[in-house]
Amino acid sequence: MLKDFGKKIKSLRLEKGLTKEAVCRDESQLSIRQLTRIESGQSTPTLNKAVYIAGRLGVTLGYLTDGENVELPSRYKELKYLLLRTPTYGDQQRLAEKETYFDEIFSQFYDDLPEEEQLIIDGLQSKLDIHFSDNIDFGVGILNDYFDQILRKTNYQVNDLILIDLYFSCLTVSGLDSAIFDSKKYNQLLETLLKQVHCLPLEDLFVLNNVLLNNFGLLLELKKYDFVKQLIAVSNEIMARTYDFQKKPIVNLLTWKHYLFVEKDYAQAKKSYDAAILFAQLTENINLRENLEKEWQKDSQNGT
């Protein structure tokens, strides 16, 4: 797959008198590290990266690839979609299904994937490992390599969202450990994330919604109530634009928490709880309904 792609890039870059820094510019699209790995044959570029490199070198993509297909295998894309789209709600059977998806990816596709796709899979697997172990070491190594690059971006792609979600998981599990938590960087991420609703392709908005909703507990803990309101509004906008209401009960749950603990409005909180339960009943999701009932019982006792 793209056997001489890296060699051709390096040869053409040197022929044109371009440094790696000149090709990568501000590194928001392609880092110097990534270009180095691609040129040395250690990494395969994604389609977007290949198009970017071709543009920077002033040639067509076909010239660099000799007409080879740079699309990802359809079965891999299906498995990745299932990993991103399958909500678990703490259900052990669904968690086990996710593990089988990971097993197939690692055994059949991982070694031939572009570095960015490997990063997505590593990020998703690390988050699951952190969930089961309460050990943030599974995620910190990845974040150390890529997080600064994300902070320089104003527009995110799916792999960026996965790493931001991993960062939020590390913050939650570590109890906002000062070794990884920086209030200024956290606020910067939140502000940029909320703007992505108008930047990302429609088909990627569900990933953004997942990341935003997974961060809700941190917002309450940090008492960032203005962000809470914005998050709920953006999440509802995403669902309305995509006609995807899979996360509606979670948004209802977060809304009732906001009413209980911030607005101190029990009546409005109860309405949101009732709406969440109704959705769980309509979808016949017994595990979700039981979790919602337990959470409401705990919250209503603490919030009144």
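User: How is the protein divided?
Analyst: An automatic or database domain assignment gives domain 1 (4-65), domain 2 (114-240) and domain 3 (245-303). Residues are numbered from 1 along each chain as its sequence is written. Because the model is predicted, local features need pLDDT of at least 70 and side-chain atom pairs count only at pLDDT 80 or more, while totals for chains, interfaces and linings use all residues; side-chain values use heavy atoms, without hydrogens and water.

User: How far apart are the C-alpha centres of domain 1 and domain 2?
Analyst: They lie 28 Å apart.

User: And how many residues are in contact there?
Analyst: Domain 1 contributes 14 residues and domain 2 contributes 9, with contact meaning heavy atoms within 4.5 Å.

User: What area do domain 1 and domain 2 bury between them?
Analyst: About 1,000 Å², 37% of it on carbon and sulfur atoms. Buried area is the accessible area (1.4 Å probe) that two parts lose on being put together, summed over both.

User: How many salt bridges are there between domain 1 and domain 2?
Analyst: The count is 4, each defined as a side-chain nitrogen of Lys or Arg within 4 Å of a carboxyl oxygen of Asp or Glu. Glutamate 116 and lysine 49 meet through their side chains in a salt bridge, at 2.2 Å, N to O.

User: Which helix gives the most to the domain 1 side?
Analyst: On the side of domain 1 that touches domain 2, α3 (32-39) and α4 (47-57) each supply at least two residues. The most comes from α3, with 3 residues. Helices here are DSSP runs (H or I, at least four residues), numbered from the N terminus.
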